[in-house]
Amino acid sequence: MSEALANPSAPSVIWLQGSGCTGCTISFLNYVSATAPQSAADILITNINLLYHPNLSAAAGSTVADVIAKAVAAGNFILIVEGGVPTAFGGRACAPWSEGGVEVTFLAAVQRLAAKALKVVCVGNCASFGGVSASGSNPTAVQSVKVATGKTTINVAGCPPHPDWIVWTLVQLLQGKTIAVDTYGRPKTLYSKRIHDICPFREADEAKTFGVAGRCLEELGCRGPSTYANCPTNKWNNGVNWCIGAGAPCIGCTSSTFPGTSALFKTAS
Ligand code: SF4
């Protein structure tokens with residue numbers, strides 16, 4: 001991976017955050033690998049040219065505006081968007097920086113950069129589909145990046161997405177590879193398997209209450225039968241465990257309709 005990412009002509013990366021919880025960035029920072037790059041720090045310092053990230057960059061204010069302007073002029077960049085795009089109130093619910101003393105709305109920033117980016121990658125369900133940020137009464141009229149910009153996006157779905165999914169997608173793009181996506185813009189390599197089909201508890205007895213290990217959680221509202229991701233085989237936290245393995249039903253966080261209008265899962269009776 002390091003060799004692939006060492007290409008000096010590889011695009012730079014700009015990461016923006018809109019309406020979200022920063023959980024996707026936290027997930028990315030938890031990236032761990034036995035081979036180089038072994039951590040998010042490795043990737044950020046050694047392997048990619050990250051022009052801007054709101055949490056990780058020291059730059060702010062006019063410095064950011066200058067970096068963004070140069071990137072737009074050069075055009076050789078990948079835009080990563082985390083969080084949905086608030087569109088009510090002229091977009092003024094979210095303003096990532098200002099130019100000449102005038103706030104730039106996230107809506108305007110994403111539209112401008114998406115129009116010039118080589119690829120637009122949505123990290124997480126808020127950017128991909130609206131997610132939690134667009135749920136409920138949605139007073140700031142949050143939209144997905146695709147709806148807000150009209151641009152095709154590669155959607156690394158999840159709330160949050162697994163760090164491996166984020167890094168895999170980035171690596172493919174930095175190598176100039178084409179990513180095949182499904183109907184929802186999700187990379188097929190990552191999201192083609194239904195969790196229910198690869199769940200180790202498929203043949204297990206049904207759990208009737210929470211807190212019982214090693215049982216199928218379908219009767220407790222598990223959304224594995226309608227959710228696509230490699231969580232059962234990849235697992236989380238450096239392969240330690242995953243939601244169902246820890247006794248929590250799948251909440252369907254990689255689905256375009258997540259979180260939906262119903263309870264995440266049934267409560268035990
Ligand atoms: Fe399917 Fe969920 Fe049961 Fe696993 S725990 S077999 S994903 S319903």
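I looked for salt bridges (a side-chain nitrogen of Lys or Arg within 4 Å of a carboxyl oxygen of Asp or Glu) and counted 0 between domain 1 and domain 2. The model is predicted: local features need pLDDT of at least 70, side-chain atom pairs count only at pLDDT 80 or more, and totals for chains, interfaces and linings use all residues. Residues are numbered from 1 along each chain as its sequence is written, and side-chain values use heavy atoms, with hydrogens and water left out.

I noted the bounds, from an automatic or database domain assignment: domain 1 covers 2–189 and domain 2 covers 193–269. Their C-alpha centres lie 28 Å apart.

Next I checked contacts (heavy atoms within 4.5 Å): 18 residues of domain 1 touch 14 residues of domain 2.

Then I turned to the ligand. I listed residues with a heavy atom within 4 Å of it, among them His196, Cys199, Arg202, Cys216, Glu218 and Cys222. The shell divides into 8 nonpolar (Ala, Val, Leu, Ile, Met, Phe, Trp, Tyr, Cys, Pro), 2 charged (Asp, Glu, Lys, Arg) and 2 polar residues (the others, Gly among them).
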